[in-house]
Amino acid sequence: MKHSHLAHEVETTTKKSPESSPEEEIVRNATPLNIKPATPYTLKAPVEADGFSWPSVGTHKRADETTEEEQQRVDRIASAVKTILEEVGEDVTREGLLDTPQRYAKAMLYFTKGYHTNIRDDVLKNAVFEEDHDEMVIVRDIEIYSLCEHHLVPFYGKVHIGYIPNKKVIGLSKLARLAEMYARRLQVQERLSKQIAMALQAILKPLGVAVVIEATHMCMVSRGVQKTGSLTQTSSMLGVFRAHKTREEFLTLLNRQR
Ligand SMILES: [Zn+2]
């Protein structure tokens, strides 16, 4: 039974479907040599001309859609959620689940709203100021809720951001908005750390940026090894924070404030 199922899968992945676009074709026939690189973002500018930051394939469509088109998107996601509910063996007609597909679809769009957040209009809002300050600025404990792109389950925790200005500073609340924007995408924690750091580096051109994230991954703590309370820590250090002394100063300041 298992084998025939597998054979069927292999067949469908290589068969050409008349509706599929050329891009889909490449993805379906992916081998380790021709798949898209996992981190093309490091080669692209963090802020594009239209204000989007590392837009994904559907970013512009989502940003420009009408209320009606948005509802159609919700309906499409909801119908997929209904399939999931049926496949796990649930009764989709029982009262508690009646509105779940629509509710989940809307929640999913909220969890991924960072894809079409405009970094200039929605995040910065002209909150970059000239200031003769060249000491380390640290904002600790910014709460983030994100989705692990490997399991589509949440990971959540705290982001700590530090930077040393070079004549430009940013409104402190904007650092939280920046973290929120990248957290509301399908993520891996390492990339989230790096995207926040790279964006800040591009926006302020400071002497350096440091981003540390401590997070709990539901895919880790709720299945398999079940290591409840295990924290994953990642960091991204740019500019002067790559030097041992500055990095140590930042980490010491972070720990002292606890
Ligand atoms: Zn995961």
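**Ground rules**

I number residues from 1 along each chain, as its sequence is written. The model is predicted, so I take local features only at pLDDT of at least 70 and side-chain atom pairs only at pLDDT 80 or more, while totals for chains, interfaces and linings use all residues.

**Overall count**

I looked up the secondary structure and found 10 helices and 7 strands. Both are DSSP runs numbered from the N terminus: helices are H or I with at least four residues, strands are E with at least two. Next I checked burial, and buried residues make up 24% of the 258 residues. Here buried means 20 or more other C-beta atoms within 10 Å of the residue's own, exposed means 12 or fewer, and partly exposed lies in between, with C-beta atoms placed from the backbone. I also looked at contacts with a separation of 6 or more, and 70% of them join residues 24 or more positions apart. A contact is a pair of residues whose C-beta atoms, placed from the backbone, lie within 7 Å.

**Helix 4**

I checked the length of helix 4, which covers residues 67–87. The expected span is 1.5 Å times one less than the number of residues. For its 21 residues that gives 30 Å, and the end C-alpha atoms are 30 Å apart, so the two agree. Is helix 4 largely buried or in the open? The number buried is 1 of 21, so helix 4 lies largely in the open. After helix 4 comes G89, with a positive phi near 95 degrees.

**Helix 4 against helix 5**

I then turned to its partner, helix 5 (residues 100–111); the two axes come within 8 Å and cross at roughly 120 degrees. Axes are lines fitted to C-alpha atoms, for helices over the stretch in contact, and angles run from 0 to 180 degrees between N-to-C directions. The pair is therefore oblique, given that under 35 degrees is roughly parallel, over 145 roughly antiparallel, 65 to 115 roughly perpendicular and the rest oblique. On the helix 4 side, the contact includes V74, I77 and V81, and on the helix 5 side Y104, A105 and M108 are among the residues involved. By class I noted 10 nonpolar, 2 polar and 2 charged residues. Nonpolar covers Ala, Val, Leu, Ile, Met, Phe, Trp, Tyr, Cys and Pro; charged covers Asp, Glu, Lys and Arg; the others, Gly among them, are polar.

**Helix 7 against helix 8**

Helix 7 (residues 172–183) and helix 8 (residues 189–204) have axes that come within 10 Å and cross at roughly 135 degrees. That makes helix 7 oblique to helix 8. L178, A179, Y182 and A183 of helix 7 meet L192, Q195, I196, A199 and L200 of helix 8. This contact has 8 nonpolar, 1 polar and no charged residues.

**Single residues**

I found F52 in the loop between helix 2 (22–28) and helix 3 (59–64). F52 counts as partly exposed because it has 18 C-beta neighbours inside 10 Å. Leaving out residues up to four places away in sequence, F52 touches T59, N118 and I119. Its C-alpha atom is 9.4 Å from that of D121, 69 residues apart along the chain.

D141 sits in strand 2 (residues 137–148) and has a positive phi near 60 degrees, though not a glycine. L152 lies in the loop between strand 2 and strand 3 (154–164), and its phi is also positive, near 55 degrees. I noted L152 as exposed, with 12 other C-beta atoms within 10 Å.

Terms used:
Contact = placed C-beta atoms within 7 Å.
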